[in-house]
Amino acid sequence: MHLTDTKFVDLALHRAEADAAAHVERCQACKVELERWVRVVTELQELERAALDEAEVHRLSSLFTAYGPTRNQVGGWLATLLRSSAAPATAGVRGRSANELREYQAGPHVILVQLADNGRQGWTVHGQVLAGEAPLGGEGDLVITDAKGHGTTASIDSDGEFHCAGLPSGRYTATWWIGSTRIDEPELMLGDGV
Ligand SMILES: [Zn+2]
């Protein structure tokens, strides 16, 4: 039987039991998988200032597994969470508090997202799509859809910046449309999702 995600994380953190290490020695599939996990864990450990606890590492790792660096079904890109960190309230951009900073990879593009909880005024989702290796091709729209299918649309300016405010806590999907580029984040959680 191949190793579980938990075992891979343990191995990447050099605290796995001997039998897990022995399995990797003789299983090429798990060896390749482990290399991927080591890259993820290394990325996470490089987060500035943010000391991730074990639960957070596991959460991000499972997100990575679920939404790996791959194209979505319509020829766009799936946003893969590269890193996430809690931000101090004073680290706001343009005077906003930032509760969480996220960095996604989406094919050749990078998306930076700030999630901020403004209490009764709801959450703001603010950020920027960076062109990366391929140009984005102008302005676009960000559509954030709640569990009932209600969408909120925000424009993406020519710098790739977007800002969406007043979202209640919950589970959302997000889609960035820019020119002919589509990027999906199938699970955008604001708060604990309830
Ligand atoms: Zn195996």
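In the predicted model, His14, which lies just after helix 1, takes a positive phi of about 60°. Helix 1 itself contributes several residues to the interior: Lys7, Phe8, Val9, Leu11 and Ala12 are its buried residues.

Helix 1, spanning residues 5-12, packs against helix 2, spanning residues 18-26, at an angle of about 95°, and the two axes are 10 Å apart. Because angles of 65 to 115 degrees count as roughly perpendicular, helix 1 and helix 2 are described as roughly perpendicular to each other. On the side of helix 1, the contact is made by Lys7, Asp10 and Leu11, and helix 2 takes part through Ala20, Ala21 and Val24. By class, the residues of this contact comprise 4 nonpolar and 2 charged, with no polar residue.

The strands show several antiparallel pairings. Strand 3 (residues 100-106) runs antiparallel to strand 4 (residues 109-117), and 7 bridges join them. Within this pair, Glu100 has Leu115 of strand 4 as its bridge partner. The two strands form a hairpin in which 2 residues lie between them, and Gly107 in the turn has a positive phi of about 60°.

A further set of pairings involves strand 9. Strand 9 (residues 170-178) pairs with strand 6 (residues 140-146) in the antiparallel sense over 7 bridges, with Trp176 of strand 9 as the bridge partner of Leu142. Strand 9 also pairs with strand 10 (residues 181-190), again in the antiparallel sense, over 8 bridges. Here Gly170 stands opposite Leu190 of strand 10. Strands 9 and 10 form a hairpin with 2 residues between them, and the turn residue Gly179 has a positive phi of about 55°.

In soluble globular proteins, nonpolar side chains tend to be buried together. The largest nonpolar core of the model has 27 residues, of which Ala79, Ala106, Ile111, Val125, Leu142, Ile144 and Trp176 touch the most other members. At least two residues of this core are supplied by each of strand 1 (77-78), strand 3, strand 4, strand 5 (123-130), strand 6, strand 8 (161-167), strand 9 and strand 10. When residues up to four places away in sequence are not counted, Ala79 touches Tyr104, Ala106, Ile111, Ile183, Asp184 and Glu185. Another core, of 11 residues, lies apart from the largest one and includes Val9, Ala16, Leu34 and Trp37.

Key
Residues numbered from 1 in each chain as written. Predicted model: local features only at pLDDT ≥ 70, side-chain atom pairs only at ≥ 80, totals over all residues. Axes fitted to C-alpha atoms, helices over the stretch in contact; angles between N-to-C directions. Helix = DSSP H or I, 4+ residues; strand = E, 2+ residues; numbered from the N terminus. Parallel < 35°, antiparallel > 145°, perpendicular 65-115°, else oblique. Contact = placed C-beta atoms within 7 Å. Nonpolar A, V, L, I, M, F, W, Y, C, P; charged D, E, K, R; others polar. Pairing = 2+ DSSP bridges. Buried ≥ 20, exposed ≤ 12 C-beta atoms within 10 Å, placed from the backbone. Core = buried A, V, L, I, M, F, W, Y, C linked by C-beta atoms within 7 Å.
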